[in-house]
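Let's walk through this structure together, beginning at the ligand and then turning to the backbone.

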Amino acid sequence: MCGIFGYIGPRTNGLELVVDGLKKLEYRGYDSWGVAADRGGELFVEKHVGKISGIDTKIFKNTSASLVIGHTRWATHGGVTDINAHPHFSGDKTVAVVQNGIIENYKEIRDELGREYFISQTDTEVIPQLIARYRKTMNFQEAVLAALRRLKGRYAIVAINVGTHQLIAARCGCPLIVGIGQDEHFVASDIPAFLEYTQEVMYLDDNEMVIIDGEASDERPLDQARGRRVTSSKRRETSRPSSGQARDEKEKFVTDHSSLHFLNIETSQPIQKRLVNIDWKAESAEKGEYDHYMLKEIMEQKATILRAIDQSDEDILKIAQTIRESRGCFFSGCGTAGKVCMAGEYFFSIIAQRHVNYAPASEFPVYHHFLRPESLLVVISQSGETADVLEAMEAAKKKKARVLSIVNVAGSTIARQSDTSLLINAGPEKAVASTKAATSQMTLLLLIAYAMTERLQEGRRLLAEVASKINDMLNPRFLVYIKEIAQLIREHNNLYIIGKAENYPMALESAIKIQEVSYIHAEGFAAGELKHGPIALVSHGTPCIAFVANDEVREDVLSNTMELKARGAYIIGVSPERHDVFDEWIHVPDVGVASPLVNIIPIQLLAYYLSVLRGLDPDMPRNLAKSVTVK
Ligand code: M6R
């Protein structure tokens, strides 16, 4: 979490550029924002509580700067205050730093440096203070290296030094990407921050840093046509074969780049980096006609399922074969992606009669006793950056197990660090609540399950039919009906959801959706578990959602729904058929084993409308961030 962005180059509107870029990273955290810049050898800092999306970039129109860093924060250490907002700086105001992650040993360093020098409660402030201390006897690069070697934790930082007009970025567990422009450089937690300026990137890997030298003054001639100052840089490239992981990236191997120096933090050895061309379109992440990204992304499910199955037979069959050959196959992910993994467990059992084990990624490392070189870990992640998932992968790799990932973001850390990676092709998902990514992930698991039993084409046909039925389902009348149900239950404080078999994970996923955007206490249960305790929570009028699919467990779920009704619950049934026990009936198409894909969609909409009707922001709910890069 937290978005960081740095710019160094000839443009003099660096502050505006960085603020604009930070707006594209806001999904990573939105408690506060801040920028720092080298203004003619003096440090300029501006930071505030609140969302950066509300800031008019023009406030920096008359403040010229060509070395700038910025940050959008998801608070970990220290409350949400202006002082705790990043960037943090050294006492002498020569060094400023932005950080994403956690510095675990910050207390020890703060005690050593002297608490009286600190003005914030953050872990990050130790970094500029430490650099400044080493700076007394070292140059900037050596001082940053010395400081980094003292830090423990998972983090990424960007630091600037106003004296030497340099920018240094380092990665130890959190993502950082260098954008290579014409005579200018960008460093960000994610590519959209600078995508409008360059599509050429270099990925920093763990334990690596990059030193980017700038011109010490802004007195260079201005290229009038481009509004930029003129500098020179050179680089030599040779073509290299693609890694085959992110299919829309072309790679070149960079042997020299005059103002960029990559080093290994532990050994100080120079590193050669690959130059990767990102073939993304910047425009595809706009809200368009919709009030919120969440609604837009729910509606996009008319198309995203078809995009998910647009994979070559060869790739899917190869993955099915890898799973078949594994001895001990684990599915793992966090939050919604975790619930998708759980659904996958049922799909594999029902369709392929193959046992796979689900474990939430944050729990996975404790399974290490069961891992061997023949084991396979299948991780699922929209962002491809989730720290708990990366840790699960590390646990698997330690035991030499193979890792297969299913991600949405090409070039993400999880994609790059797995043995094989499959893209769901859902397009950018900006709302914190995962919607279209979840259905695309389930689509791929279903497809692979069919491929496991030589029925890939049958799976493709089923999923194409699901896509077409979702297209029919998401019509204006359907949306109005779901909004009416939201209106009926919006004042309730508690809501329960039940499902069985492959719809049990959907009950859990429904709860996440409703909790995170409407702040209503929602809980999902395996339908048969209610009578063992939770039914005591139900009283007259308590809204309860029941997933009643046309499958072998239908009668069981109906009985459990009746038990709820007998205690006064208000029953919202999600089913292809109307049943007497329902007070409200949300009609979904009958798509057999793929029922979780159609069942979850009305609940995504319900969560959205509950949020809006309760006056909340569904895209940026409190306390959350889209990309969870801390443990
Ligand atoms: O990017 P990931 O798919 O790895 O993210 C995992 C979870 O943080 C995520 O699904 C989260 O639970 C969503 N906000 C739920 O809507």
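Which side-chain atom lies 2.6 Å from an oxygen atom of the ligand? A polar side-chain atom of Ser 383 does. An oxygen atom of the ligand is also 2.4 Å from an N or O atom in the side chain of Glu 516, and an oxygen atom of the ligand is 2.6 Å from a polar backbone atom of Gln 382. The protein covers 90% of the 410 Å² of accessible area that the ligand has on its own (Shrake-Rupley method, 1.4 Å probe).

Before going on, a word on the source: this is a predicted model, where local features need pLDDT of at least 70 and side-chain atom pairs count only at pLDDT 80 or more, while totals for chains, interfaces and linings use all residues. Residues are numbered from 1 along each chain as its sequence is written, and side-chain values use heavy atoms, leaving out hydrogens and water.

Now step back to the shell. There are 15 residues around the ligand (each with a heavy atom within 4 Å of it), and Ser 381 and Thr 386 are among the closest. The shell divides into six nonpolar, seven polar and two charged residues (Asp, Glu, Lys and Arg count as charged; Ala, Val, Leu, Ile, Met, Phe, Trp, Tyr, Cys and Pro as nonpolar; the others, Gly among them, as polar).

Finally, look at the backbone. Most residues other than glycine have a negative phi, and most peptide bonds are trans. The bond from His 86 to Pro 87, however, is cis, with omega near 0°. His 165, not a glycine, has a positive phi of about 55°.

Terms used. A polar contact is a pair of N or O atoms within 3.5 Å; within protein, one must be able to donate a hydrogen and the other to accept it, and residues adjacent in sequence count only if both atoms are side-chain atoms.
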